[in-house]
Amino acid sequence: MTKVFYREIDDSNRGDHTRLTANDMCMFLYEFTAFEHTNGLGFKFSDTNQLIHNLKKKPSERLTKGGWKYKAEAIGKCASAMRMAKQRNFGANPVVEGAWSCGL
C-alpha cells in the first residue's frame, strides 16, 4: 500500500457521507470502492478493498470459511498505517482530541 495520510471529510466529499454534517469532524485513511463500481472485481479491485474485505471477516465464520490469518494481518496493517499517518499529519508528539479509527 502507498503512504497514507489522514484526510478530512469536508464540503468536497461530504456528499459521499450523507449522515455527516458540516459540524462533524471526521478523518479517514482509505476509501473503499463499492462493488458496483469495481467491474465485478470486488475485493480484488484494489489494495484498500482487499484490506477492508479482510477486516470484515466475521469471528463466527473463523472455522467454516478460513482466511482468519488475513484478518490479523489486516488489523496489523491498519494499526501501522494509523500510527504513521498520525505522525505525518500531526507530528511526532501530536495533541489530538477525540477517538481514532481506521475510517472503515
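**Entry 1: lysine 58**

I looked up lysine 58 in this predicted model and found that lysine 58 counts as partly exposed, at 48% relative accessibility. I noted the scale used: buried is under 20% relative accessible area, exposed is over 50%, and partly exposed lies in between, with a 1.4 Å probe and protein chains only. Lysine 58 sits in the loop between α1 and α2. I then compared positions: lysine 58 and lysine 71 are 13 residues apart in sequence, and their C-alpha atoms are 9.1 Å apart in space.

**Entry 2: basis of the values**

I recorded that residues are numbered from 1 along each chain as its sequence is written, and that side-chain values use heavy atoms, with hydrogens and water left out. As this is a predicted model, local features need pLDDT of at least 70 and side-chain atom pairs count only at pLDDT 80 or more, while totals for chains, interfaces and linings use all residues.

**Entry 3: confidence**

The pLDDT is the predictor's confidence in each residue, from 0 to 100. I read a chain average of 80, with 84% of the residues scoring at least 70. Over residues 94-104 the pLDDT is below 50, and this stretch has 16 contacts in the model beyond near neighbours in sequence; a contact means heavy atoms within 4.5 Å. Where pLDDT is low, the predicted coordinates should not be read in detail. Among the elements, helix α1 (residues 47-55) has the highest mean pLDDT, 90, and helix α2 (residues 62-65) has the lowest, 76.

**Entry 4: the elements**

I counted three helices and two strands in the chain, in the order β-β-α-α-α from the N terminus. Helices (H or I, at least four residues) and strands (E, at least two) are DSSP runs, numbered from the N terminus. Of the 104 residues in the chain, 24% are buried.

**Entry 5: the nonpolar core**

Which residues make up the largest nonpolar core? I listed 12 residues in all: Val4, Tyr6, Met27, Leu29, Tyr30, Leu51, Leu55, Ala74, Cys78, Ala81, Met82 and Ala85. Such a core is a set of buried Ala, Val, Leu, Ile, Met, Phe, Trp, Tyr and Cys residues joined through side-chain atoms within 4.5 Å. Helices α1 and α3 (68-90) each supply at least two residues of this core, and α3 gives the most, with five.

I followed one member further. Not counting residues up to four places away in sequence, alanine 74 touches Leu51, Asn54 and Leu55. Asparagine 54 is found in helix α1 and is buried, with a relative accessible area of 9%. Under the same exclusion of residues up to four places away, asparagine 54 touches Tyr70, Lys71 and Ala74.

**Entry 6: salt bridges**

How many salt bridges does the structure hold? I found two, a salt bridge being a side-chain nitrogen of Lys or Arg within 4 Å of a carboxyl oxygen of Asp or Glu.

In one, arginine 7 pairs with glutamate 31, and the closest N and O atoms are 3.5 Å apart. Arginine 7 lies in strand β1 (residues 7-8) and glutamate 31 in the loop between β2 (27-28) and α1, so the pair ties together parts that are 24 residues apart in sequence. I noted arginine 7 as partly exposed at 35% relative accessibility, and glutamate 31 as partly exposed at 47%.

In another, the side chains of arginine 14 and aspartate 11 meet at 2.4 Å, N to O. Here arginine 14 is buried at 15% relative accessibility, whereas aspartate 11 is exposed, with a relative accessible area of 69%.
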